[in-house]
Amino acid sequence: MGRIGSDDAGMVRIDENAGFYDDERTGEHGSEHSDAAGSETGPVRMGATRRAFLSASAASAGAVAMVPLTAAGAAASTAGPPGPGAPVTPQPPDAELRAMLREVDHRRIEATVRRLVAFGTRHTLSSQDDPVRGIGAARDWIFEQLQGYAAASDGRMRVEKQSYLQPLAPRIPTPTVISNVIATLRGDTAPNRTYVVTGHYDSRVTDVLNFTSDAPGADDDASGVAVAMELARIVATRHTEATIVFAAVAGEEQGLYGSTHMAQQYKAAGADIQGMFSNDIVGSSTDEKGIRHPRTVRLFAEGVPTSETPAQAAIRQSIGGENDSTSRQLSRFVLDVAQNRSTGMEVRVIWRRDRYLRGSDHVPFLREGFPACRFTEPNENYAHEHQDVRVENGVQFGDLVEFCDFPYIARVARVNLATLWSLAQAPGTPKGVKIDTSRLTSQRTLLWDPAAEADLAGYEVLWRETTAPNWTHVIPVGNVTTVTIDLNKDHVMFGVRAVDTAGHRSPAAFPLPT
Ligand SMILES: [Zn+2]
């Protein structure tokens, strides 16, 4: 059925004459020089790593991975076992995305972080009506900024304050109004299909109930809010097929309250959330030893679903689906579209829901059964998180703006932008994907529901060894809803993705037994 998606070898092009990363040409030279200096002493020799990583990205059929990445990070061209199909290659950014990635402005991100810090504290229990200090002033400022971006959207972006009264809880000593600020850019052709990106605008110090001390929260999480807002600004003027939601949520530090309310509202409304990303602590590339990792962002992705029912667990246990949750497929999609020269970033996927003892705003979305992951900086410095601002034995504690690396935040924003744009322009993740198990044979017939997208070109079957971290082979199968693949289904993992006429691919769907 013709040539679609990655079957078209001409889609993957690397311009050898260009700067190594696109952002080397976009006015970040000063900071990029400091990146290079900073990484000299680090464990990551970025020069060599970048070259190897790009050679692998550009690799053609049959190449072996030369990439010194973690297994989960090696998205491209893992020379898999022999079998049908071509090697999987990354999806390059389309022209409009490349233009948008160049618009991500680290100076605007810096201005946003500094403005949020200037509210003194953004603690969830702080004043909601003081015009200068406290979470209410921050809420209103974010709302006004987003409304300004929405003004350029021809009425397609709607901005709202989503508020509810949180009753008493361990970290809520008095009933408290919690407000999320949400900008929704309605998709043109698939408006019900929705992707969400968040940062949390509340902040804290050492005592989680202290709502009076200065709590700058520059990294945690003005940085994530700045990412969501910068994306809203850039995408507001563009037309997307699916809907994208850019949100600043509150109540995170008290117990993920804002995002819990948001996820529950979506669930109650029957929303089709096909991907959600929390950006939480994305402000610094420097670890506790002072070593910089300026081109790495971590992406936490759970395996066994938080929302799994006993019946779903029984299926997973019988077929081995613990590495094929919707969130894992989403993380593989991020590697496919956002780890490239245009973002200038390596995405280090971590197969956990979140760090030890920690959780972020993706968790409530996982609880409601939505695919969700968390972006966070490569190594945290705990002297700069959840700390009273103070100097102790000559060491500065506190989440201060001076510890932020704004070009780094801009690169994290590019990873998010590449991901969200590629999701919103592609067909949705195929639904109703099944593998025929009606008879006890090794036959491998896959079937799925037809997609509604007008620009659908067809589907691709992905497969990999059961022990491989990422898809290794792709088989274009055309615009069909059932296909038989010449592989023993007991030996490999299958996925199905949809591809449009422009080559945009959906995340893969993992087939369940019929
Ligand atoms: Zn946080």
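## Strands, a zinc site and cores in a predicted model

Strand β3 (residues 176-185) and strand β5 pair in the antiparallel sense over five bridges, where two strands count as paired if DSSP finds at least two bridges between them. This is a predicted model, in which local features need pLDDT of at least 70 and side-chain atom pairs count only at pLDDT 80 or more, while totals for chains, interfaces and linings use all residues. Residues are numbered from 1 along each chain as its sequence is written, and side-chain values use heavy atoms, with hydrogens and water left out. Helices (H or I, at least four residues) and strands (E, at least two) are DSSP runs numbered from the N terminus.

**Strand β5 and its partners**

- Strand β4 (residues 190-200) pairs with β5 in the parallel sense over eight bridges, and Tyr-195 stands opposite Ile-244 in β5.
- Eight of the eight residues of β5 (residues 242-249) are buried, so this strand is largely enclosed by the rest of the structure; buried means under 20% relative accessible area, exposed over 50%, and partly exposed in between, with a 1.4 Å probe and protein chains only.

**An open sheet of four strands**

- Four strands form an open sheet in the order β1-β15-β14-β17, with antiparallel pairing.
- Strands β1 (86-87) and β17 (492-500) stand at the edges with a single partner strand each, so one side of each is left without a neighbour in the sheet.
- Strand β14 (residues 456-465) pairs with β17 in the antiparallel sense over nine bridges, and Ala-498 in β17 is the bridge partner of Tyr-459.

**The zinc site**

- The zinc ion has as its protein donors His-200 (NE2), Asp-220 (OD), Asp-280 (OD) and Asp-280 (OD), which lie 2.0 to 2.7 Å from it; donors are N, O and S atoms within 2.8 Å of the metal (3.2 Å for Na, K and Ca), and water is not among the atoms, so sites may look incomplete.
- Along the chain, the donors follow the spacing H-x19-D-x59-D.
- Asp-220 lies in helix α6 (residues 218-235) and Asp-280 in the loop between β6 (272-279) and β7 (296-300), so the pair ties together parts that are 60 residues apart in sequence.
- Asp-220 is buried, with a relative accessible area of 4%, and Asp-280 is buried as well, at 2%.

**Nonpolar cores**

- Ile-142 and Phe-246 touch the most other members of the largest nonpolar core, which has 78 residues; such a core is a set of buried Ala, Val, Leu, Ile, Met, Phe, Trp, Tyr and Cys residues joined through side-chain atoms within 4.5 Å.
- Helix α12 (residues 406-425) gives the largest share of this core, 13 residues.
- Apart from this core lies another one of 18 residues, among them Ile-435, Leu-456, Val-461 and Phe-494.

**Confidence**

- The chain averages a pLDDT of 87, and 84% of the residues score at least 70, where pLDDT is the predictor's confidence in each residue, from 0 to 100.
- Over residues 1-20 the pLDDT is below 50, although this stretch has 41 contacts in the model beyond near neighbours in sequence, a contact meaning heavy atoms within 4.5 Å.
- Over residues 23-77 the pLDDT is also below 50, with 103 contacts in the model beyond near neighbours in sequence.
- Where pLDDT is low, the predicted coordinates should not be read in detail.
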